[in-house]
2 protein chains.
Amino acid sequence: MILSEAIEKLNELEKAAYALGHAQSILFVDGDTVAPKNSWKGRGKALSYVGELMYRQLVNPETGEVLETILQHKDETDEVTFRRAEVMKESYDDLHILPMEEFVAYQELTNESSAVWHDAKEKSDWNMFAPYLEKLIAARRRFASLKDPAKPAYDILLDQYEKGAVMADLDPFFRTLREELSPVIREVAAREKPVPAFMKGPWPIAQQRIFSDKLMVLEGLDPLNCAIGETEHPFTGGPNKWDIRITTHYHEEDPFSSMYSVIHEGGHALYEMDVRDDLQFTGLAGGVTMGVHESQSRFYENIIGRSRAFCAPLLKILKEVFPEQMKGVTEEELYSAINLSKPSLIRTEADELTYSLHVMIRYELEKAMIAGNLKVADIPGEWNRLYKDVLGVDVPDNRRGCLQDSHWSTGYIGYFPSYALGSAYGVQMLRQMEKTVDVWGTVAKGDLSPVTTWLTENIHQYGALKKPQDLLPAAMGGPLDAAVYTDYLKKKFSELYGL
Amino acid sequence: MILSEAIEKLNELEKAAYALGHAQSILFVDGDTVAPKNSWKGRGKALSYVGELMYRQLVNPETGEVLETILQHKDETDEVTFRRAEVMKESYDDLHILPMEEFVAYQELTNESSAVWHDAKEKSDWNMFAPYLEKLIAARRRFASLKDPAKPAYDILLDQYEKGAVMADLDPFFRTLREELSPVIREVAAREKPVPAFMKGPWPIAQQRIFSDKLMVLEGLDPLNCAIGETEHPFTGGPNKWDIRITTHYHEEDPFSSMYSVIHEGGHALYEMDVRDDLQFTGLAGGVTMGVHESQSRFYENIIGRSRAFCAPLLKILKEVFPEQMKGVTEEELYSAINLSKPSLIRTEADELTYSLHVMIRYELEKAMIAGNLKVADIPGEWNRLYKDVLGVDVPDNRRGCLQDSHWSTGYIGYFPSYALGSAYGVQMLRQMEKTVDVWGTVAKGDLSPVTTWLTENIHQYGALKKPQDLLPAAMGGPLDAAVYTDYLKKKFSELYGL
């Protein structure tokens, strides 16, 4: 095959992949937001067929030849086209080792197990979900062994979400987090602050919806390109930079839960929305890894959204929407309220200081279950033991324990570390950003655009064009260093709690 | 090809058609309800590719052979399978005469012209839309001539929406409507009633949303299978009986506009939701023709929804949701208010008496434009002349004139007559239903289920299994008879206006 023909075929393949991916993306968002409950059956049929089409497009000898042809002509191929072939090759390598029946069966398994998990969580019933998790673990282990039987299976899974991540690096990373943060967590817990009176609300959901719209404007999310929906579990979806969807979940008794969901998902959205136009509709339009994606969402959520400076514009819009509830509240009081720290049960609601230890617990469990050292039946006990050991928390039931997260139910084993890595990346990016941007001065004025411009220049614009090993050190001013992250947390919470 | 192989292939083809059709359906609903404005570009790319896939599945020699094989073995094939092949053959016949480039270009044309029409309507600017309509007319004429150059093109278009409909039947049908109804319309107009004071509202949209939910329950729409959204132009969509979407549009100054949209679209929804389970995911799952579909929507909207009996349960939920606005209003006052009749500008807002003459005007215009007797540039003048002549109404601008309907912008030329035919079918069905069902007694009690059960038994359950020429006379007690429809209207409005 000659190069020009291969490039032509790559264009065709990406056109198909975009269209099918677009359909998957919208069906998923629609299914989780506004679709009637019984729609799952027809959606499953549609998604399973679309998945089959995607598989058939990618997994055939011609695609292999197309990709090889381009990859063998690096010098004659422009950077974008070459990288598009490279990224598609990664999916090709993952999929072509897998017989189609297994691929389809796996799609159906995750579809079903996800539905079962929802029920199991509601009923707090691990036994309902356990047989599905067993199948999911077996499938992920099998895929990993097909890919490279010589490597530890969990390293192969980690690599799918965070290119290059391996246990040999993550073990010391999490060890540092635990060693450095545990003493602070204990001291902070000893100085527990009461929940301030104003937080009692009530916070009517109709007002919270208006508040979300204002928050999105403050964060810089253009409503022409980004819509907000409501789901049980917030997420970001959408097929291209002009069509991003974020979701949130409103709790009448607490406006901050939804607020931080909006800011967090808004961070994911900004990443996707700021990718270069010429990368749209190609395999390079999304984020480069999940760790980098989470670095952006958690940057806006925590580094900006829970900063002292952000309390000025935040209090302003809070008072606009909730004048009664926020009457007399000062920026200082707000800053303290949004940074109350206390070991707790639910990862997504955890404060910034304790958050990454929730992640570490999942990392330890996943390592053990993939290595075959932890039976599915024993996960609840081990989960509860670790929560007690690491965070000093008693888990009252599986709903608030090992059934709280959706990830495993969709086969996402190996994803969790991305959250902690992303949080750490973000702090190192902040340190670089501060060298040229008056971060806190501009945030205090309610203008996040210099922050987003810096992130766009250094991260967002590239989508998946730059490899993470090139992108990250440049944006972080060096390799990952857990101490930069723990120093940031120790300083922030020592000040907040007068340690 | 042997029969069993052909049936196997038909199953595969329908599986693909279902999945791709499901994606199209959800992308369309999502795009019109919650998607951000700039999403059109990516959606266009996705839909164009999905359309191409559908075309390629259907238009190939093997599909022709599959369908021929089944159609030649009627005796050895069960009724459902045979009819599935027959219905697919209709699509095949429409499409295989069309080169793929023309098919794709037409998809793109309707996508673009639909967007242009939205703008043109807002700006009341016919010249913006005219070049697109010219292309659409040329395309529809070409497709008709490819299908059968010997037949009048408009007859071929009519047949696509209402199987068997031809001008030779529709001309006298509409002539009867005009001759019989015009004198009544004139007399009613001479006795114009004032709009009752209570209708001034205001009618906050938040309350109207709650009202919609109650209306849906009253109509018998299960929210587990049917969701409601908000769009500029109400419609019914969704891919199967367990996943139906209706939409409405709220006007703060008038609750009845949205109310009748909900009831009308709910009628379409009930038809789809009551089709037999074993026909789901096949080509027989939808309604059999657009005329039959409109007969159901307009049955619930008008025959039930604007009946004296329905005012009892309707007033009850109106008073629950709008206690202030509806204070002291009696059933008689409500009945009079929802049946105010007056020649007006907008078809979708027209009263039951004048409605079908709005349709007739479009029918006359379409006949002329497809026959080449009416230039696109002359449509506004001719539209306005007909509105004056037929309804005695002066059209102030094109927004409220020839740009009001979306149909032409999506290539739907030949659809309009279905509304009038459907209205007439509905009255003939009512006359049959009344023989065995205490329609008004049960409706007055707020129980629509005997009505829906009758319609399910006689119409809904079959989907497209029975041919319209078999289905309709059985449900209507004979062939179409315009006089049954005009008698119903004359009697109702004579009583209402004391003629």
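Which side chain does a polar contact of 2.8 Å join to that of Glu352(A)? The partner is Lys492(A). The model discussed here is predicted.

Glu352(A) lies in helix H14 of chain A, which covers residues 352-371. With a relative accessibility of 3%, Glu352(A) is classed as buried, because the cut-off for that class is under 20%.

Two polar contacts of the Glu352(A) side chain may be described together. One, of 2.6 Å, links the side chain of Glu352(A) to that of Tyr488(A); the other, of 2.8 Å, links the side chain of Glu352(A) to that of Lys492(A). Leaving aside residues up to four places away in sequence, the residues that Glu352(A) touches include Tyr485(A), Tyr488(A), Leu489(A), Lys492(A) and Phe493(A). Asn302(A), Ile303(A), Arg306(A) and Asn339(A) are also among the residues touched by Glu352(A).

**Extent of the interface between the chains**

The size of an interface is often expressed as the accessible area that is lost when the parts come together. For chain B and chain A, the buried area is about 2900 Å², and carbon and sulfur atoms contribute 68% of it. On the side of chain B, the residues that lose the most area to chain A are Pro36(B), Asn38(B) and Tyr49(B), which together account for 19% of what that side buries.

In terms of contacts, 36 residues of chain B meet 36 residues of chain A.

**Polar and charged pairs across the interface**

Four salt bridges are found across the interface of chain B and chain A. Arg245(A) forms a salt bridge with Asp30(B), with 2.7 Å between the closest N and O atoms. Across the interface of chain B and chain A there are also 13 residue pairs in polar contact, both residues having pLDDT 80 or more.

Two or more residues on the side of chain B that touches chain A come from each of helix H1 (3-33), helix H2 (40-58), strand S1 (226-230) and strand S3 (243-248) of chain B. H1(B) gives the most to this side, with 10 residues. Sorted by class, the side of chain B that touches chain A comprises 20 nonpolar, seven polar and nine charged residues.

**Symmetry of the two copies**

Chain B is superposed on chain A by a rotation of 180° with 0.0 Å of shift along its axis, at an RMSD of 0.0 Å. The two copies are therefore related as by a two-fold rotation axis. Among the residues of chain B, Ala23(B) comes closest to this rotation axis, its C-alpha being at 2.9 Å.

Of the interface residues of chain B, 100% are also interface residues in chain A, so the copies meet through the same surface.

Notes
Residues are numbered from 1 along each chain as its sequence is written. Chains are lettered from A and ligands numbered from 1 in the order in which they are written. This is a predicted model: local features need pLDDT of at least 70, side-chain atom pairs count only at pLDDT 80 or more; totals for chains, interfaces and linings use all residues. Side-chain values use heavy atoms; hydrogens and water are left out. Contact means heavy atoms within 4.5 Å. Buried area is the accessible area (1.4 Å probe) that two parts lose on being put together, summed over both. A salt bridge is a side-chain nitrogen of Lys or Arg within 4 Å of a carboxyl oxygen of Asp or Glu. A polar contact is a pair of N or O atoms within 3.5 Å; within protein, one must be able to donate a hydrogen and the other to accept it, and residues adjacent in sequence count only if both atoms are side-chain atoms. Helices (H or I, at least four residues) and strands (E, at least two) are DSSP runs, numbered from the N terminus. Ala, Val, Leu, Ile, Met, Phe, Trp, Tyr, Cys and Pro count as nonpolar, Asp, Glu, Lys and Arg as charged, and the others, Gly among them, as polar. Copies are superposed by least squares on the C-alpha atoms of residues with pLDDT of at least 70 in both. Buried means under 20% relative accessible area, exposed over 50%, partly exposed in between (1.4 Å probe, protein chains only).
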